[in-house]
Amino acid sequence: MPGVIVTNPPKADPEDVEALAGHGTATVGEAMGRTGFLGTHLRPVQQGVRVAGTAVTVLCWPGDNLMIHAAVEQCGAGDILVVTTTSPCADGLFGELFATALARRGVRGVVMNTGIRDTAELRAMGFPAWSAAVSPQGTVKATGGSVNVPIAIGGQVIRPGDVIVADDDGVVVVPRERARATAEASEARERKEAGARAAFLEGQLGLDRYGLRETLERLGVTYRPYEEDGS
């Protein structure tokens with residue numbers, strides 16, 4: 001299979017990436033209109049970690065991690081490696097040795113739409129990882145693929161230089177040209193939620209704060225005492 005390694009793709013502004021790093025995936029996804037989520041199948045191997053960085057994308061053949069080796073050279077400080085395969089694969093394409101090389105280059109984490117291994121070692125070294133599977137099954141290095149090309153995970157397209165935000169809830173992609181607007185919208189959403197949080201601590205109900213009683217009435221939902229319900 002012929003492939004391509006694209007060098008020096010455009011990336012989101014580092015200031016916008018850092019601004020997005022201050023928000024969770026739920027906030028960022030909502031700020032983009034409930035888009036960008038890469039799917040429930042990608043789960044963290046650690047807990048309590050939130051990262052954001054610019055994507056270095058990798059397309060591998062199943063059971064083959066040759067292109068991850070090629071991608072390491074293209075990674076730099078502030079990046080997140082994002083890997084998928086040409087067809088479904090749960091083999092352990094990534095482990096401690098890759099993480100060691102990437103950490104040396106300032107990479108902030110990895111997102112694997114395939115398998116990962118050495119999870120205890122990854123947690124011990126503090127290298128964040130999200131994956132679709134955990135497997136000790138090894139791989140070969142025999143088939144060409146591509147680095148820094150658009151890839152698709154969970155129905156979302158990830159381009160090199162897009163922003164990846166990942167935490168305990170999952171992984172979200174922010175198109176690089178929308179990074180600043182999304183960071184600003186995320187901040188506005190956080191301020192709005194802070195107001196709601198304070199109101200709820202005072203005892204206000206969401207039914208009243210969000211005007212949902214009128215919604216219930218419009219939908220024909222009624223209140224009825226238990227004694228009259230007959231159930």
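Reader: Why is His23 called buried?
Author: Buried means under 20% relative accessible area, exposed over 50%, and partly exposed in between, with a 1.4 Å probe and protein chains only; His23 has 5% relative accessibility, so it counts as buried. This is a predicted model, in which local features need pLDDT of at least 70 and side-chain atom pairs count only at pLDDT 80 or more, while totals for chains, interfaces and linings use all residues. Residues are numbered from 1 along each chain as its sequence is written, and side-chain values use heavy atoms, with hydrogens and water left out.

Reader: Where does His23 lie, and what is it in contact with?
Author: His23 is placed in the loop between α1 (14-21) and α2 (25-31), where helices (H or I, at least four residues) and strands (E, at least two) are DSSP runs numbered from the N terminus. Contact means heavy atoms within 4.5 Å, and, leaving aside neighbours within four places in sequence, His23 touches Val28, Arg50, Val165, Ala183, Ser186, Glu187 and Glu190.

Reader: What makes α1 and α6 roughly parallel?
Author: Axes are lines fitted to C-alpha atoms, for helices over the stretch in contact, and angles run from 0 to 180 degrees between N-to-C directions. Angles under 35 degrees count as roughly parallel, over 145 as roughly antiparallel, 65 to 115 as roughly perpendicular and the rest as oblique. α1 and helix α6 (residues 179-201) pack at about 30°, with their axes 9 Å apart, and are therefore roughly parallel to each other. Asp16, Ala19 and Leu20 of α1 make this contact with Ala179, Arg180, Thr182, Ala183 and Ser186 of α6.

Reader: Why is the pair of Phe94 and Phe127 called stacked?
Author: Rings of Phe, Tyr and Trp (its six-membered ring) pair if their centres lie within 6.5 Å, and planes under 30 degrees apart count as stacked, over 60 as edge-to-face and the rest as tilted. The ring centres of Phe94 and Phe127 are 6.1 Å apart and the planes are at 20°, so the pair is stacked. Because Phe94 lies in strand β4 (residues 92-94) and Phe127 in the loop between α5 (119-125) and β6 (129-134), this pair ties together parts that are 33 residues apart in sequence.

Reader: How do you know that Phe94 and Phe127 are buried?
Author: Phe94 has 0% relative accessibility and therefore counts as buried, and Phe127, with a relative accessible area of 4%, is buried as well. Ring pairs link Phe94, Phe98 and Phe127 into a cluster.

Reader: What makes Arg34 exposed, and why is Asp118 called partly exposed?
Author: Arg34, in the loop between α2 and β1 (43-44), has 71% relative accessibility and so counts as exposed. Asp118, in the loop between β5 (109-116) and α5, has 29% relative accessibility and so counts as partly exposed. Arg34 has a positive phi of about 60° although it is not a glycine, and Asp118 likewise has a positive phi of about 60° without being a glycine.
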